[in-house]
Amino acid sequence: MRHWFGSCARRIALCGLALACSGALLPAPAEGQSLDALRTAATQNRRDAAAQRAYGMALLRAERYRDAQRQMEIAARLSDSSLESLYDVARVAFATGEYRKSRAACRALERVERNAVLTRVCRARAFLVWNRSGRAFEELEAAVAADPNHFEAQLALGDANRLRHEVTASEAAYRRAIALNGRRYETHYGLGLLFSQAGRDADAVRSFRAALAIDGEVPDLWYQLAIQVGGDEARTLLTRAVAAREGWTAALVALADVERQAGDAAAARTHFEQVIALDERNAAAHIGLGQILAAGGDDAAAEPHLRTALELVPNSPEVALTLGEISERREAYQEAFSQYRHAADLSPRRPTGLVLAARLALRLDRDVLATGYLDRYLQVHANGAAALALYGDAMKARGDRAQAATYYERALRGEGDLDRARVQAALREVRQAAPARRNVGRATR
């Protein structure tokens, strides 16, 4: 699943941190109800604070911040400006990522009760928006000391520790919050983000699914679960996500990547183009579109997108690989070798460029150069099936059929994609020839 996102892991972590700081972990407005239905309910029940709040929460999930703030302020007035209703107004400020707005929203709580637990949680969230985790922890420690059984305090403590990559402390706080209120999805969602950040993918999926079972109307949850699971389920989740939040470029890129993996290049191209129309500096979209165009043989159209991506992300192995393939098709072989080596240098744990360079070298009857690339690749992935098969080809080209057979056999037991039929045919060929050469040798002796 990691493959279709390219540098996805980094984007996942960044997205998770932004969600924690933003306060986007929200109670369900009204599960299963559309934004239009909630707006109608709010219009028909103008004096009902719960109806106004539910609509405000839905607007916030759709990232319509201005409308959400107005709606939350209406709900707060109808709730006699209770701490809880004022905290809902502050959620919108957190979501904007702006410290001044967040701090101003918290002052409304301070005017009601300066040292209330929820007021302290509000200030802590504002400090997290400002990336001042030390000051956030001061407020949270005071909040927990005053009331260790306060749900919002424990949830915020889990988020704050996650931002510090304190896995054990973060998980403990989330678990305490779950014990206090098992009907809130945010704790399971926070755990999912924590586990994803820590590379515990199976635990992340379980936590995201637990959150989804509690509240199935959270676009951010659809997005994060899609990143983990891939395939048809990811496509369904991401389709819902982009419909729920207009102009969500990260989700559109993710959807396009899933579509490309499924072989639907036309749909992927449409979504990559949509992202570029929204944000012409989106490197992931330029990379994806360039790769689709190159795969379709339209190198002239692909190259400008790849060059743009290279300006935005100079160290992209995906761009270097695709530019190498384009250069190879143009028979600009030295440029192709250079791009393939560059891609391998940029991605030392997945030096796919070395395999492509070796394949090109064999095409050009340069078996010594090919084995040099393959030796370097096999130092990282000793059982890489494709590299072992190419090594067999190089040995065959040198006339060393016994060694060729050994490498072909290893390739068939190796890891990763492999044209097994081709390798099996090559193995049969060298095996048939090898005994004859040995018999000749004995007769001569």
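Student: Why are helix 14 and helix 15 called roughly antiparallel?

Tutor: This is a predicted model, and the angle comes from its coordinates. Helix 14 (residues 231-244) and helix 15 (residues 249-261) pack at about 150°. Angles over 145 degrees count as roughly antiparallel. Therefore helix 14 and helix 15 are roughly antiparallel to each other.

Student: How far apart are the axes of helix 14 and helix 15, and what is the hand of their crossing?

Tutor: The axes lie 9 Å apart. The crossing of helix 14 and helix 15 is left-handed.

Student: Which residues make the contact between helix 14 and helix 15?

Tutor: From helix 14 come G231, A234, R235, L238, T239, A241 and V242. They meet A251, L252, A254, L255, V258 and E259 of helix 15. By class, the contact of helix 14 with helix 15 has 9 nonpolar, 2 polar and 2 charged residues.

Student: Now helix 3 and helix 5. Are they roughly parallel or roughly antiparallel, and how do you know?

Tutor: Helix 3 (residues 49-61) and helix 5 (residues 83-96) pack at about 10°, with axes 11 Å apart. Angles under 35 degrees count as roughly parallel. So helix 3 is roughly parallel to helix 5.

Student: Which side chains would I look at there, and how do the residues of the contact of helix 3 with helix 5 divide by class?

Tutor: R53, M57 and L60 in helix 3 meet D88, R91, V92 and A95 in helix 5. That contact has 4 nonpolar, no polar and 3 charged residues.

Student: Why is Q339 called buried?

Tutor: Buried means under 20% relative accessible area. Q339 has 10%, so Q339 is buried. Q339 lies in helix 20 (residues 333-346). Leaving aside neighbours within four places in sequence, Q339 is in contact with A320, L323 and G324.

Student: Why does N131 count as exposed?

Tutor: Exposed means over 50%. N131 has 62% relative accessibility, so N131 counts as exposed. N131 sits in the loop between helix 7 (117-129) and helix 8 (133-146).

Student: How does the radius of gyration of the protein chain compare with that of a compact globule?

Tutor: A compact globule of 445 residues would have a radius of gyration near 22 Å. The protein chain has 28 Å. Its C-alpha atoms fill a box of roughly 105 × 45 × 35 Å along the principal axes.

Student: How many helices and strands are there, and what share of the residues is buried?

Tutor: There are 25 helices and 0 strands. Buried residues make up 51% of the 445 in the protein chain. Among contacts with a separation of 6 or more, 52% join residues 24 or more positions apart.

Conventions: Residues are numbered from 1 along each chain as its sequence is written. This is a predicted model: local features need pLDDT of at least 70, side-chain atom pairs count only at pLDDT 80 or more; totals for chains, interfaces and linings use all residues. Side-chain values use heavy atoms; hydrogens and water are left out. Axes are lines fitted to C-alpha atoms, for helices over the stretch in contact, and angles run from 0 to 180 degrees between N-to-C directions. Helices (H or I, at least four residues) and strands (E, at least two) are DSSP runs, numbered from the N terminus. Angles under 35 degrees count as roughly parallel, over 145 as roughly antiparallel, 65 to 115 as roughly perpendicular and the rest as oblique. A crossing is left-handed if the near helix is turned anticlockwise from the far one by less than a right angle, and right-handed if clockwise. Contact means heavy atoms within 4.5 Å. Ala, Val, Leu, Ile, Met, Phe, Trp, Tyr, Cys and Pro count as nonpolar, Asp, Glu, Lys and Arg as charged, and the others, Gly among them, as polar. The radius of gyration is taken over C-alpha atoms; the globule rule is 2.2 Å times the number of residues to the power 0.38. Buried means under 20% relative accessible area, exposed over 50%, partly exposed in between (1.4 Å probe, protein chains only).
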